[in-house]
Structure formats: C-alpha cells, structure tokens
Amino acid sequence: MSSITPVEGVKYFDAHLHRQDPDLIDAIGPEVKFEGIKAQVCNGTRPDDWQAVQDVSSTDETTVLKAYGVHPWCVDQLPVDWESQLRRFLKSGAASVGEIGLDHWIQVRDDRLQLEVFARQLQMAHEEDLVPSIHCLRAWGLLVDSIRTGPALRRGFLVHGFGGSKEVLFQLLDLGGHVSFSSYASDPGRKRMRDAIRACPEDRLLAETDAPDMVPPEDLCRFPIKDAQGQRLHHPLEIQSSYAMLAELRQLPLEELAVQLEKNFRKLFMG
Ligand SMILES: [Zn+2]
C-alpha cells in the first residue's frame, strides 16, 4: 500500500498528527504518498523529537506545517535549557506550539509541573503569535482557567481530540477555541466527542488523525497498520475516515464539509 484514491475533488486537511514518529515511519514505509491531503500539522512532543519534526518535508501535494512543544506526558524529562531550545524551533518557521496540555488521566504524574510547563508554553505562543495545539484529559476546569487567566492568544487555539462536556466546549469557544476530531470518535461509545461534533459551530471545527495514536475502531480502519510489537497504529490516510465521520454526524455532504474545514484550517494555521 503506497497511496490512496481520495474522493474526487475533496481536499483533506489534518490539523494534528505526528508524522515524525519512528514507529509510524517504519509501519507506513518511506514511499507512502499522501495524495488528496493538502496539509498536515506535524506535532512534536518533547525536545528529543523536535529535530525530526523539522526534518519532515512537504511535497508538491502535501504541505507539512510544523508544531513544537512539550506534551504533558513528557514534562518530567526536560533538559534545563528546554525553553531556549523550544524558542529556537518556534522561530524557525513554526505554525503552532504543540503538542502541549494537561493530563489528569495518567496515573503517575506531577500536576504542578504539568501546569507550569503548560503555562510557560502558552506564554511562548503569545509572544511568538502562534496557535497552541492542546491535549486535555480529565483536566477541563484547569484548562479553561489557564486559558482564561493566561496570556492573550490572538490567533486562537486548538483543542485536539476534544472529549469534554458541551458546557466546556462552549467555554472554550468563548475564549477563541477550535476543536478537532479523528475517526476515533466513530465508536458509538464516545458519546461526549460525538455530541461535541454535532454541537460545534461550523467555523470552529477541524479534522485530524493524531496518527499514529487514537486508532479508530478496527472494523472502520481502511488502512490498518501495526508497529513491530503488533500494536495497531493510526494511519495518516485515515483522515478520509475522519471527514466521512464528521459529514455523517453533522448530516452534511462530504464536499460541503470539506470546503468549510479547509477554510477553518487555513484561517487558524495559515492566516
Ligand atoms: Zn497528538
């Protein structure tokens, strides 16, 4: 498998993934083509992978936008100069500060350190006038408070894989937020995500894969891949499934949805 046949005329925009991930690269092979995918935002997660993000190249078909940040799972492994390193990458033509955020789902964690690292990166997003790409699990109140009381984010922000309540969704929208979803939400059990997809205003909605993470249900995967240990991975080409799911839940023709998602993506990341 090296390419896809995208739906005729539909242009795909992936607001959040990790193209630099070595397991993903091993699984899809270097020859894969992303025909039909016009742009992807490639997110780093820690200082160790920022160079790999920078090295992911665009092609004639696909523009790769770069995001650099410290994921909440990686806050305890930071070198002392992480902020100056991050600043340097952000100044090298980044489109976003990501993936950053708050995670109160993981068992072993340091809440104070997570919050401090997140707040510092929001400050950098403010100073560099970039869009933060935010991960949040079970820390919604803290996220809303951090953004409400934090530095101004002139260009708004993205909460990727949004799984909060509708109440939180509207609080984040009021603060300039956008939300993105992958076909992980195709599982009928992901009720909060599905409710948020239906409730989100059309100009704040984006699609993502989060590849190689957030794998959709097995029977819906059109491009099944696994890592060397046999764990299922999310293929970037599944962005088609994300679009199909969003069109179905919002009861829109795919083409109409795609035009709106392109507009939203360009405004947020390329405006
Ligand atoms: Zn991610």
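**Entry 1: the loop between β8 and β9**

I began at P212, which sits in the loop between β8 (205–207) and β9 (225–226). I was working on a predicted model. The bond that joins A211 and P212 is cis, and its omega is about 10°. I then stepped back to D210. D210 is found in that loop between β8 and β9 as well. I looked up its backbone angle. D210 is not a glycine, yet its phi is positive, at about 60°.

I looked for another cis peptide bond and went to G98. The bond from G98 to E99 is cis, with omega near 10°. Where does E99 lie? I found E99 in strand β4, which covers residues 96–103.

**Entry 2: the first annotated set**

I turned to the UniProt record, an unreviewed entry. Its annotation "binding site" covers H16, H18, E99 and D210. I asked how far apart these residues are. They span 195 residues in sequence, but no two of their C-alpha atoms are more than 10.4 Å apart, so they gather at one spot. I also checked the lining of the largest pocket. From this set, the lining includes H18, E99 and D210. I had already placed E99 in β4 and D210 in the β8–β9 loop. H18 is in a loop too, the one between β1 (12–17) and α1 (22–28).

**Entry 3: the second annotated set**

The unreviewed UniProt entry also places the feature "binding site" at H135 and H160. These two are spread over 26 residues of sequence, but they cluster in space, with a largest C-alpha distance of 5.9 Å. I placed H135 in strand β5, residues 131–137.

**Entry 4: α2 against α3**

Next I looked at helix packing. Helix α2 (residues 47–55) packs against α3 at an angle of about 10°, and their axes are 11 Å apart. An angle under 35 degrees counts as roughly parallel, so α2 is roughly parallel to α3. I listed the residues that meet. From α2 they are P47, W50, Q51 and Q54; from α3 they are W82, Q85, L86 and F89. I sorted this contact by residue type: five nonpolar, three polar and no charged.

**Entry 5: α3 against α4**

I followed α3 to its contact with α4. The axes of α3 (residues 82–90) and α4 (residues 111–128) come within 11 Å and cross at roughly 35°. This crossing is right-handed. On the α3 side I noted W82, E83, L86, R87 and L90. They meet V117, R120, Q121, M124, E127 and E128 of α4. How many residues of this contact are charged? I counted five charged, alongside five nonpolar and one polar.

**Entry 6: α5 against α6**

My last pair was α5 (residues 140–149) and α6 (residues 166–174). They pack at about 10°, with axes 10 Å apart. The two helices are therefore roughly parallel to each other. Their crossing is left-handed. W140, L143, V144, I147 and R148 of α5 make the contact with V168, Q171 and L172 of α6. I sorted these residues into six nonpolar, one polar and one charged.

Terms used:
Residues numbered from 1 in each chain as written. Predicted model: local features only at pLDDT ≥ 70, side-chain atom pairs only at ≥ 80, totals over all residues. Heavy atoms only, no water. Axes fitted to C-alpha atoms, helices over the stretch in contact; angles between N-to-C directions. Helix = DSSP H or I, 4+ residues; strand = E, 2+ residues; numbered from the N terminus. Parallel < 35°, antiparallel > 145°, perpendicular 65-115°, else oblique. Left-handed = near helix turned anticlockwise from the far one by under 90°. Contact = heavy atoms within 4.5 Å. Nonpolar A, V, L, I, M, F, W, Y, C, P; charged D, E, K, R; others polar. UniProt positions renumbered as here; feature names shortened; annotations may be inferred. 1 Å grid on protein atoms, 1.4 Å probe; cavity = no way out; pocket = protein on both sides within 12 Å on 5 of 7 lines; lining within 4 Å.
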